[in-house]
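Subject: Handover of a structure for your study

Dear colleague,

Please find below the sequence and structure that I am handing over to you. My findings follow, and I would ask you to keep the model open while you read.

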Amino acid sequence: AMNVESHFAKSAPEVVATYRRLLEVARALGPVVETPKKTSIHLVARTAFAGVAGRRSSLILTLKSARDIRSRRVEKRDQTSANRWHVDIRLQRPSDVDHQLTAWVSAAYKLAGGRPT
């Protein structure tokens, strides 16, 4: 069975620490359910607001957004509908979960029906 740990089986300890930090930030916004899928872990408020894929030396965070996020930190962007984007951001260490990233996570959480803060 897929579990959260299995997604980080080959990841450096720093990557696991980064995921834990990301969860802390998300849970400060309200309830978050971790749902392991085949290729990623979905983070769910009422609906999924983020996906996390573990790599050896980083994790790829896919966030929901109501608009394109124009940042050098965004490695890939997909417009899924008129007011929906999915953006990919690579995180390597806990300090990458900074104020800017926290703001993006917060916006994604609200879009997914999470309670406003």
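Is S58 buried or exposed? S58 is buried, because its relative accessible area is 2%, where buried means under 20% relative accessible area, exposed means over 50%, and partly exposed lies in between (1.4 Å probe, protein chains only).

Before going further, please note that this is a predicted model, in which local features need pLDDT of at least 70 and side-chain atom pairs count only at pLDDT 80 or more, while totals for chains, interfaces and linings use all residues. Residues are numbered from 1 along each chain as its sequence is written, and side-chain values use heavy atoms, with hydrogens and water left out.

The chain as a whole

The chain contains 2 helices and 6 strands, arranged along the sequence as α-β-β-β-β-β-β-α. Helices (H or I, at least four residues) and strands (E, at least two) are DSSP runs, numbered from the N terminus.

The radius of gyration of the chain is 13 Å, which agrees with the value near 13 Å for a compact globule of 117 residues. This radius is taken over C-alpha atoms, and the globule rule is 2.2 Å times the number of residues to the power 0.38. Along the principal axes, the C-alpha atoms fill a box of roughly 35 × 30 × 25 Å.

Of the 117 residues, 43% are buried. The accessible surface comes to about 6700 Å², and carbon and sulfur atoms account for 50% of this surface; such areas come from the Shrake-Rupley method with a 1.4 Å probe, and for residues only the protein chains shown count as cover. Among contacts (heavy atoms within 4.5 Å) between residues at least 6 apart in sequence, 52% join residues at least 24 apart.

There are 21 positive and 10 negative side chains, and the centres of the two sets lie 4 Å apart. Here Lys and Arg count as positive and Asp and Glu as negative, while His and the chain ends are not counted. The place of a charge is taken as NZ of Lys, CZ of Arg, CG of Asp or CD of Glu.

Two serines in loops

S58 sits in the loop between β3 (48-54) and β4 (59-65). Setting aside residues up to four places away in sequence, S58 touches V15, A53, R90, L91 and Q92. With one of these partners, R90, the side chain of S58 forms a polar contact of 3.0 Å. A polar contact is a pair of N or O atoms within 3.5 Å; within protein, one must be able to donate a hydrogen and the other to accept it, and residues adjacent in sequence count only if both atoms are side-chain atoms.

S40 is found in the loop between β1 (33-36) and β2 (41-44). S40 counts as buried because its relative accessibility is 14%. Beyond residues up to four places away in sequence, S40 touches H7, T35, V52 and A53.

Which strand holds K64? K64 belongs to strand β4, and K64 is partly exposed because its relative accessible area is 22%. Apart from neighbours within four places in sequence, K64 is in contact with T47, A48, F49, W85, H86, A108 and L111. A polar atom of the K64 side chain lies 2.9 Å from the backbone oxygen of A48. K64 and F49 are 15 residues apart in sequence, and their C-alpha atoms are 5.6 Å apart.

A107 is part of helix α2 (residues 99-111) and is partly exposed, at 43% relative accessibility. Although A107 and K64 are 43 residues apart in sequence, they are 8.2 Å apart in space, C-alpha to C-alpha.

K76 lies in strand β5 (residues 74-81), and K76 counts as partly exposed because its relative accessibility is 45%. Its side chain makes a polar contact of 3.0 Å with the side chain of D78. Leaving out neighbours within four places in sequence, K76 is in contact with H86, V87 and D88.

G54 is in strand β3. Other than neighbours within four places in sequence, the contacts of G54 are H7, F8, S11 and L59.

Yours sincerely,
A colleague
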